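Welcome, and please open your viewer. We will take a slow walk together, one selection at a time.

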Amino acid sequence: MRAAVVRSFDHPPRYEEFATPEPTGDQVLVDVLAAGLHPRVRSGANGSHYTSDGRLPLIPGVDAVGRLPDGRRAYFVADDDAPGTMADQALLDPRRAVPLPDGADPVVVAAAMNPAMSSWVALRRRVSFTPGQSVLVLGATGNAGQMAVQIARHLGASRVVAAGRDAGRLETLTDLGATALVTLAGDPEQAAARLGEAAADVDVVIDYTWGAPTQLAIPALLTRRTDRSAALDWIQIGSTAGADITLPSFVLRAANLRIMGSGQGSLTAAGIVAELPALIEELAAGTLSAAARAVPLAEVERAWTAPVEPGRRLVLTPTA
Ligand SMILES: NC(=O)c1ccc[n+]([C@@H]2O[C@H](COP(=O)([O-])OP(=O)(O)OC[C@H]3O[C@@H](n4cnc5c(N)ncnc54)[C@H](OP(=O)(O)O)[C@@H]3O)[C@@H](O)[C@H]2O)c1
């Protein structure tokens, strides 16, 4: 088969011939229809993801839409130790797969499931989120952030504060359900103060930035909180602004702050997969909107390093 192949963590994958993987156990060999180029895929391909074991060569790709031998289509998440999905063919594990609803566009589903499941699973599995609560999405202008705004409203949030840097994309989030917008552009201290004004009393923070914006936002929110004993669930999901923060101990004593993460490891694969059917139905029904751009898999090497169109997920499509 043809595949995107990483032979060095310093170089983008090349489109090459690669041995077709052999199914074991319940696995099924499927034709890949569409596979998303998510940040998680990039970090796996450059060896920086926290699950990377350093082994090469590898085929990148953590999920895909595939066609089974009987013609049915399914969205699936690749097994951790199986080759990735950016290939003509990949191994589908039925325990990590959900049928594609009729009429669903494989490119849109491949683009949206990874960014969408980050907030969907976090709100449904990591916290006891109830309709009427309010949410801050920190880093709302990326693919995951714009899905998080929609998903929070869809799950019943009464108020969603969307915070991000890109002014143009921030504006679009009102149409997707944001009830307040906060720009993170400019002086970081001033941005934190704006966040404190707009979001001090939220119940949940969905955090895609970490780093400086988070480090400044935590005290900015907590010191302005009307009732500091009211729980604030801070869900760490991404780290677009930095891998680390410094957290003064007083913030944990002075308020009811509960920091947790949501991702591979803090949730079981079975727990994540159990949420996928409901999410894929919403995507197929068009309740949640996602922007995608399809590129032939043969162009993977060029596409990998081409400028990323913000807010639109690149999806690689094998043509075999
Ligand atoms: N744990 C999980 O389950 C899970 C699942 C999916 C994604 N993630 C993680 O979530 C993060 C976002 O993923 P994504 O798919 O939305 O990526 P994306 O589409 O590439 O969006 C990333 C956005 O981050 C923003 N950004 C970058 N640097 C920033 C900074 N210094 N301060 C503030 N914003 C900054 C940019 O928005 P502006 O142009 O506005 O600056 C950019 O659009 C990534 O870290 C990803 O790995 C985690």
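What follows is a list of stops, each with something to select and something to look at.

**Before we start**

This is a predicted model, in which local features need pLDDT of at least 70 and side-chain atom pairs count only at pLDDT 80 or more, while totals for chains, interfaces and linings use all residues. Residues are numbered from 1 along each chain as its sequence is written, and side-chain values use heavy atoms, with hydrogens and water left out.

**Stop 1: the ligand**

Which residues come nearest? Among the 20 residues around the ligand, they are Thr141, Asn143, Ala144, Arg165 and Arg313. Here, a residue is near a molecule if one of its heavy atoms lies within 4 Å of it.

Now zoom in on the polar contacts (pairs of N or O atoms within 3.5 Å; within protein, one must be able to donate a hydrogen and the other to accept it, and residues adjacent in sequence count only if both atoms are side-chain atoms). Asn143 places a polar side-chain atom 2.7 Å from an oxygen atom of the ligand. Ala144 uses a polar backbone atom instead, which is 2.7 Å from an oxygen atom of the ligand. At Ser262, look for a backbone N or O atom 2.8 Å from a nitrogen atom of the ligand.

How much of the ligand does the protein bury? Taken alone, the ligand exposes 910 Å², and the protein buries 76% of that. Accessible areas come from the Shrake-Rupley method with a 1.4 Å probe, and for residues only the protein chains shown count as cover.

Next, color helix H2 (106–126) and helix H3 (143–154): these are the elements that give two or more residues to the shell around the ligand. Helices (H or I, at least four residues) and strands (E, at least two) are DSSP runs, numbered from the N terminus. Sorted by class, the shell holds 5 nonpolar, 11 polar and 4 charged residues. In this sorting, Ala, Val, Leu, Ile, Met, Phe, Trp, Tyr, Cys and Pro count as nonpolar, Asp, Glu, Lys and Arg as charged, and the others, Gly among them, as polar.

**Stop 2: salt bridges**

A salt bridge is a side-chain nitrogen of Lys or Arg within 4 Å of a carboxyl oxygen of Asp or Glu. How many salt bridges does a search of the whole structure find? There are 16.

Select Arg72 and Asp70, whose side chains meet in a salt bridge with N and O 2.8 Å apart. For the words used next, buried means under 20% relative accessible area, exposed over 50%, and partly exposed in between (1.4 Å probe, protein chains only). Arg72 is exposed at 53%, and Asp70 is exposed at 52%.

Move to Arg95 and Asp93, another salt bridge, at 2.9 Å from N to O. Arg95 is exposed, with 62% relative accessibility, whereas Asp93 is buried at 5%.

Then select Glu275 and Arg125, a salt bridge whose closest N and O atoms are 2.8 Å apart. This pair links distant parts of the chain, with Glu275 in helix H8 (residues 269–285) and Arg125 in helix H2, 150 residues apart. Glu275 is buried at 5%, while Arg125 is partly exposed at 40%.

To finish this stop, select Asp79, Asp80 and Arg96, which are linked in a network of salt bridges.

**Stop 3: two backbone details**

Select Leu56 and Pro57, which are joined by a cis peptide bond with omega of about -5°. Pro57 sits in the loop between helix H1 (39–45) and strand E4 (63–67).

Next comes Trp210, which has a positive phi of about 50° although it is not a glycine. Trp210 lies in the loop between strand E11 (204–207) and helix H6 (211–222). Is Trp210 buried or exposed? With a relative accessible area of 12%, Trp210 is buried.

**Stop 4**

Select Pro115 in helix H2. Pro115 is buried, at 4% relative accessible area.

Val202 is buried, at 0% relative accessibility.
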